[in-house]
Amino acid sequence: MNKPTKHIFVCTSSRMTGVAKGALEIIQRFTEKLEEEDITDVMVSNTGCFGICEKGPIVAVYPDNVWYGSVSTDDVDEIVESHIMNGKIVEKLEI
């Protein structure tokens, strides 16, 4: 892997009922989409609590310091295509 230019963090903070809602599927879709687009300089990692569970699932993109809330697997392609590939923040998801 190349040194990452961006790092995508997905909150998987565990709760009594298990991992944060849909977080594992979101990570999987980010990994698949980046692979499909042959993007090798972006890293995807899980992370613990961001402290705003009511807006979850949370995705943070660094070094851009952009946080997205209420993310679903359906949003991943748009985040990758708009933000990662074209530098345009997905405003409807930004928190």
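Student: What makes the radius of gyration of the protein chain agree with that of a compact globule?

Tutor: The radius of gyration is taken over C-alpha atoms, and the globule rule is 2.2 Å times the number of residues to the power 0.38; for 95 residues this gives a value near 12 Å, and the protein chain has 12 Å, so the two agree. This is a predicted model, in which local features need pLDDT of at least 70 and side-chain atom pairs count only at pLDDT 80 or more, whereas totals for chains, interfaces and linings use all residues. Residues are numbered from 1 along each chain as its sequence is written, and side-chain values use heavy atoms, with hydrogens and water left out.

Student: How many helices and strands are there, and what pattern do they follow?

Tutor: The protein chain has 2 helices and 4 strands, where helices (H or I, at least four residues) and strands (E, at least two) are DSSP runs numbered from the N terminus. Along the sequence they are arranged as β-α-β-β-β-α.

Student: Why is D74 called exposed?

Tutor: With a 1.4 Å probe and protein chains only, a residue is buried under 20% relative accessible area, exposed over 50%, and partly exposed in between. D74, which lies in helix 2 (residues 73–86), has a relative accessible area of 70% and is therefore exposed.

Student: Why is C53 called partly exposed, and how do you know that C53 is in no disulfide?

Tutor: The relative accessible area of C53 is 37%, so C53 counts as partly exposed. A disulfide is a pair of cysteine sulfur atoms within 2.5 Å, and a search of the whole structure finds 0 of them. For C53, the nearest cysteine sulfur is that of C49, 4.3 Å away, and C53 is in no disulfide.

Student: What makes the phi values of D38 and S70 worth noting?

Tutor: Most residues other than glycine have a negative phi, and most peptide bonds are trans. D38, in the loop between helix 1 (23–36) and strand 2, has a positive phi near 55°, and its relative accessible area of 64% makes it exposed. S70, in the loop between strand 4 and helix 2, likewise has a positive phi of about 55° without being a glycine; its relative accessibility of 47% makes S70 partly exposed.

Student: Which peptide bonds are cis, and where are their prolines found?

Tutor: The bond from G56 to P57 is cis, with omega near -5°, and P57 is in the loop between strand 2 (42–47) and strand 3 (59–62). A cis bond also joins Y62 and P63, with omega about 15°, and P63 is in the loop between strand 3 and strand 4 (66–68).
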